[in-house]
Amino acid sequence: MAERTERVLVTGALGQIGSELVQSLRARYGGDHVVASDMRTDASPEICEGGPCEKLDVTDGKMLAEICDRYKVDTIYHLAAILSGVGEQKPDLAFDVNMNGLKNVLDVARERKMHRVMVPSSIAVFGPTTPRDNTPQETLLRPTSMYGVTKVAGELLCDYYWQKYGLDVRGVRYPGLISYKTQPGGGTTDYAVAIYYDAIQHGKYTCFVSEDTVLPMMYMPDALRALIELAEAPGEKLRYRNAYNLAALSFSAGELAASIKKRMPEFEVVYEPDFHQAIADSWPKSIDDSDARADWNWSPEYDLDRMTDDMLAELRKQLQRVGVED
Ligand code: NAD
Ligand code: AKB
């Protein structure tokens, strides 16, 4: 257990990242010290029996403040958001949740002089005019999706609260995240998760981006470790407050399919690109994360083969547990 006694609030805690991050934080700081919150109420027994759980819509600043006061929260991991796919279909909702929700979190933290706020950003901050290979930390940020627009504005807002009020805000630009515990919530990179589910459950998958689409990705254990390591890094070493480029894997949809096919030779994929393709085409293929490596010793552990072995084994167990697979 870490030395400092933290009192943490996780927003969007029932999502792809939150459902796993809550468990990691509770293992580290103690169950009672980590409040899981989401506007949804379908928390798994694992989440709601392991510590406090609250229904919280982050666009409701009053409720957010009330929960922070009740639990004496001093650190927020702000994960509540609308991702790129849903954001293109519901741009007003994406703007409201991603901008007003973030502003509420930053204001509540500043007013209470909280210890720290962690806010994940995304490769969605980049756009078609950004260099697509080995994308640098500091570069053009002119995204074409509503999600990307809110992520750039969110990064700037976090910088502002750090510079103007000294609020200790930290963040990473996550690539697409691949995991087996909770399905992703409506992003462009969701195909890289769905392909594993469909390989096991149906032996075939219809992919919504083309075979040659290359995007940066990361396996969830690396993603969780990155956020916690950054949160615990000495502040004086951090040159960027929101947010650090992070890299782990870069592969095409075809290469991902091939890594599954190597282990399941009967597996078939067809490619039927839809509206997600334009978003994917506006994002980088690979990321330069040398600043994260230099400032807080970031280093990923999983390559594509190791991730595929783990995903297939863990997902099979998971699906058997819930009775979907024999
Ligand atoms: P997700 O969609 O899986 O989960 C988001 C959660 O937020 C959901 O449980 C949803 O119910 C909740 N939510 C939505 N609106 C809310 C509101 N108004 N109030 C409270 N809760 C609300 O998302 P995720 O993948 O867990 O992403 C978490 C963060 O990480 C987001 O900021 C996202 O932009 C960022 N990120 C994720 C990825 C990825 O691949 N998963 C990649 C880059 C960045
Ligand atoms: C999405 O596809 O929207 C997310 C992301 C990369 O931010 N997975």
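**Close-up views of the two ligand sites**

**View 1. Ligand 1 in its pocket.** In this predicted model, the space taken by ligand 1 is the largest pocket, a pocket being an open set of points on a 1 Å grid over the protein atoms alone, where a 1.4 Å probe fits and protein lies on both sides within 12 Å along at least five of seven lines. Of the 27 residues around ligand 1, those that come nearest are Gln16, Asp38, Asp57, Tyr147 and Lys151, where a residue counts as near if one of its heavy atoms lies within 4 Å.

**View 2. Polar contacts of ligand 1.** Polar contacts here are pairs of N or O atoms within 3.5 Å. Oxygen atoms of ligand 1 lie 2.6 Å from a polar side-chain atom of Asp38, 2.9 Å from a backbone N or O atom of Leu177 and 3.0 Å from a polar backbone atom of Ile17.

**View 3. Ligand 2 and its surroundings.** Ligand 2 is surrounded by Leu83, Ser84, Ser122, Ile123, Tyr147, Gly187, Thr188, Thr189 and Trp283. An oxygen atom of ligand 2 is 2.6 Å from a polar side-chain atom of Ser122, and an oxygen atom is 2.7 Å from a side-chain N or O atom of Tyr147, while a nitrogen atom of ligand 2 is 2.7 Å from a polar side-chain atom of Thr189.

**Conventions.** Residues are numbered from 1 along each chain as its sequence is written, and chains are lettered from A and ligands numbered from 1 in the order in which they are written. Local features need pLDDT of at least 70 and side-chain atom pairs pLDDT 80 or more, whereas totals for chains, interfaces and linings use all residues, and side-chain values use heavy atoms, with hydrogens and water left out.

Methods: A polar contact is a pair of N or O atoms within 3.5 Å; within protein, one must be able to donate a hydrogen and the other to accept it, and residues adjacent in sequence count only if both atoms are side-chain atoms. On a 1 Å grid over the protein atoms alone, a cavity is a set of points where a 1.4 Å probe fits but cannot get out, and a pocket is an open set with protein on both sides within 12 Å along at least five of seven lines; lining residues have an atom within 4 Å of a point. A molecule sits in a cavity or pocket if more than half of its atoms lie within 2 Å of its grid points.
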